[in-house]
Amino acid sequence: MIKISTLNDWPDHVGKSIKSVEPFVISASQLEAFLRAVGDANNLHEGRDAIVPGNLLLSLVPHFLQQHLELPPGIIGMSVGYDRVRFKAPTRVGDPLYFKAEVRHVRTQKAGVYVTYAVSCRGAGDELVMALDMRDYYALKPGG
């Protein structure tokens with residue numbers, strides 16, 4: 001868990017990592033809902049050996065971070081960029097997924113802080129499934 005009390009705390013966390021202890025498992029109903037929502041009709045994502053779309057995996061990263069960051073009510077955070085996204089191995093419905101993020105860089109600009117994370121997602125047998133750099137922006141909540 002990374003605990004932030006003020007925006008000035010971020011530089012103290014460069015080099016620190018957070019990781020999931022319990023696996024995240026994508027269910028068949030979650031896959032179906034995602035495919036409907038984005039209009040994906042590729043048969044690669046259907047049936048018993050359906051491969052989970054990379055964009056579904058990518059959409060789990062902000063959720064993972066939110067579970068492992070403790071921000072006070074007066075600070076908001078938002079994803080502002082993904083770089084060097086690489087899908088390294090397929091994952092299927094029911095496969096255990098473990099996420100890890102390391103705070104790599106912090107840059108203060110104007111009224112907020114940009115934080116760059118190196119993120120990885122590993123599957124069964126510790127196989128690398130996805131890797132990326134993610135950038136979030138944290139600022140004081142307007143009117144707060």
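## A walk through the predicted fold

F87 is found in strand 5 (residues 75–87); strands (E, at least two residues) and helices (H or I, at least four) are DSSP runs numbered from the N terminus. This is a predicted model, in which local features need pLDDT of at least 70 and side-chain atom pairs count only at pLDDT 80 or more, while totals for chains, interfaces and linings use all residues. Residues are numbered from 1 along each chain as its sequence is written, and side-chain values use heavy atoms, with hydrogens and water left out.

F87 counts as partly exposed because its relative accessibility is 43%; buried means under 20% relative accessible area, exposed over 50%, and partly exposed in between (1.4 Å probe, protein chains only).

Let's step back to the whole protein chain. Its order along the sequence is β-β-β-α-α-β-β-β-β-β.

| Feature of the protein chain | Value |
|---|---|
| Secondary structure | 2 helices and 8 strands |
| Buried share of the 144 residues | 40% |

The buried residues of helix 2 include L56, F64, L65 and H68. Beyond its neighbours within four places in sequence, Y117 is in contact (heavy atoms within 4.5 Å) with residues including W10, L65, R104 and Y138.
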